Every structure is written in structure tokens, then in C-alpha cells.
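Subject: Structure handover

Hi,

Here is the structure we talked about. Please load it first, then read on for what turned up.

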Amino acid sequence: MTLKSHVPLAAFFLLIFHLAVALPAVAQDGEFSINRSPLPAPTGFVNDFAGVISPEDKNKIETRLREFRQATGVEIAVAVVRTTGERDIFDYSLAVARGWGIGLDQDDNPAALLFIAVDDRKYFTHVSKDLEDELPDGLVGDIQRRYLVPEFRKGNYGKGIADTVEMYIRTYEARGSGSVLGPTQPTQENGTNVPLFSIFCCLAIMLFLILVAWSNRNRGGKSKDDNDRWGGGGFGGGGGALPWIILGGSGSGSSDSSSSWDWGSSGGSDWGGFGGGGDFGGGGAGGDW
């Protein structure tokens, strides 16, 4: 055989060798692992790969979650994608929670991941083993159905996520203090929820005070201490007690266009990555809308 006839043969064997080396590497990189995130590295507590959260809402949620971690050590993350493809959302989101290492790298590492696939219309919240006592599966599912689903059906993704995250935080704080917080009454779009019994008591108190004031007036004049009885403001004066009683001591609580919770916002970020825990065993709840 001549030298020219060996050139195509050598090229053929070189191609076979290249494919033998390259193909296993490609297969390994594309293989799904429950412990490796299929998404890029996180850039904050809120990672919107679908582009459905407004910058204002994202900043509010990001600030709230950052402050919550600083105060409690609990890491709650949000991830939004268009679709998980052929992969079940439970497995996909569990891989993200573990791969991102959400939670502190300690024996006690409470953490959670709220994961949404917009085009699939599905969601799932993974709860780490050390957070399951404060956020059991049934309670997580109830919160999502009451706060996330109604807003998502209206296309209000930022508000649905913000309200759901806020209820996770409030539930954790209430259970940690020994209180019981029932997430059965989502806040109204305008105003706060006030129990009917409380409204009745407030009206009765107001009626009683009006009758007392009317009775004193009919007696002809006021005592020398009347100016101090309401802190100088009467019923409408600043610092009066009645507005606080009527509102249940919680302030006005009126909602804005993006969220029912009065969060405020702050610029900048001290993002340094999640703690590296990733201790998720499958606890949590999900559904669709």
C-alpha cells in the first residue's frame, strides 16, 4: 500500500479515537443528577430565568429574604423557569435546591426553595429537613393554594411570590415563638382583615364613649381634666387610642399594586452565595394553577 492510501485510513482511525474520548464526556455533562443543579449558579435569593418578575418586586422580595436570613439564619430561595422540559418538577427543583446548596453548611440548616415553571403552570416548594417542623407539607400546600395560585391565575407572579414568601416567614416566626398562625385568610386587595367580633367590640366601645361624651355635655360644661382625657386630641387628635384599637394595632396595612405586605425596599446587595447546605430530603408541597 502506498503512503497516499494510508492517509484516509489514518484519518478514519483518528476520528474514531476522537469520538471515543469526546462522547462519554458529553454524555456525562448532559446526564441529569438529583444532586447537581440543571440551572446556572444563583445570583441572589430571587432568580428569575423566565423574566416574569418586575425589578421592583424582585428587589422587595430579595431584600426581605436577605434580612430574614440575617435575623434567623434561614435561607429561602426563589427560582422561576419557563419549563422543566420532560423532567418532573419535583426532581428538577430538588436538584436545584441541592445543587445550589441552599441552607447553611451546619448541623442545623433550615432552608426552602420556592420553584415555579411558568409555561408548565406548576410550582413546588422544597423544605429542608431542619425546617419541616415549622413548615410542614400540609401547611406549605395550604399557603401556596391561598396566596400563590390566585395571583398566578391573574398573571401577578411578583405578588403571588411575595405574598407566599411572606407567609412562610410569618409562619416560621409564629411557630418559633410558640404561637399558631393560621394562613387561612389572605389579605384583601385593599385594607386589612378584621374579625367580625373585633369590629363589633370596637363599635360598642365607640358607642359607649359617644354616650359618655354626650352625657357630660348635657350636664353643662366640662371638668378641668377634660383637655387631657384624650391626650389633647379627642377622637380625631393625633396619638388618640381609637384608631389603633380599630385597626388592631397593626397600622393601616393597605396594599399596593405589587404586594399586600408593607416591605419597603433598599438598594444594593450583599449577595455572597448560599451557605452550602442543600440538606433536602423531599419535604414540601406543590401543584399547578
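A polar contact here is a pair of N or O atoms within 3.5 Å, where within protein one must be able to donate a hydrogen and the other to accept it. Keep in mind that this is a predicted model.

**Serine 37**

That cut-off matters for serine 37. A polar atom of its side chain lies 3.0 Å from the backbone nitrogen of leucine 39. The side chain of serine 37 also makes a polar contact of 3.3 Å with the side chain of tryptophan 100. Serine 37 sits in the loop between α1 (3–30) and β1 (46–48). Its relative accessible area is 17%. Buried means under 20%, so serine 37 counts as buried. Setting aside residues up to four places away in sequence, serine 37 touches Ala95, Val96, Gly99 and Trp100.

**Aromatic pairs**

The whole structure holds 10 aromatic pairs. One of them joins phenylalanine 45 and phenylalanine 274, edge-to-face, at 5.9 Å centre to centre and 80° between the planes. Phenylalanine 45 is in the loop between α1 and β1, and phenylalanine 274 is in the loop between α7 (242–246) and β5 (283–288), so this pair ties together parts 229 residues apart in sequence. Both phenylalanines are buried.

Phenylalanine 49 and tryptophan 100 also pair. Their ring centres are 6.4 Å apart and their planes meet at 45°, so the pair is tilted. Phenylalanine 49 lies in the loop between β1 and α2, tryptophan 100 in the loop between α3 and β3, so parts 51 residues apart in sequence are tied together. Phenylalanine 49 is partly exposed, at 36% relative accessible area. Tryptophan 100 is buried, at 9%. Ring pairs link Phe45, Phe49, Trp100 and Phe274 into a cluster.

The charged end of arginine 87 sits over the ring of phenylalanine 32, 4.0 Å from its centre.

**Nonpolar core**

The largest nonpolar core has 54 residues, and Leu65, Ile102, Phe115, Ile116 and Ile161 touch the most other members. Elements that each supply at least two residues of this core include α2 (55–72), β2 (75–81), β3 (111–117) and α4 (137–153). α5 gives the most, with 8 residues. In soluble globular proteins, nonpolar side chains tend to be buried together.

What does isoleucine 116 contact, leaving aside neighbours within four places in sequence? Its partners are Ala79, Val80, Val81, Lys122, Tyr123, Phe152, Ile161 and Trp289.

Best wishes

Note on methods:
Residues are numbered from 1 along each chain as its sequence is written. This is a predicted model: local features need pLDDT of at least 70, side-chain atom pairs count only at pLDDT 80 or more; totals for chains, interfaces and linings use all residues. Side-chain values use heavy atoms; hydrogens and water are left out. Helices (H or I, at least four residues) and strands (E, at least two) are DSSP runs, numbered from the N terminus. Buried means under 20% relative accessible area, exposed over 50%, partly exposed in between (1.4 Å probe, protein chains only). Contact means heavy atoms within 4.5 Å. A nonpolar core is a set of buried Ala, Val, Leu, Ile, Met, Phe, Trp, Tyr and Cys residues joined through side-chain atoms within 4.5 Å. Rings of Phe, Tyr and Trp (its six-membered ring) pair if their centres lie within 6.5 Å; planes under 30 degrees apart count as stacked, over 60 as edge-to-face and the rest as tilted. A charge sits over a ring if NZ of Lys or CZ of Arg is within 6 Å of the ring centre and within 35 degrees of the ring normal.
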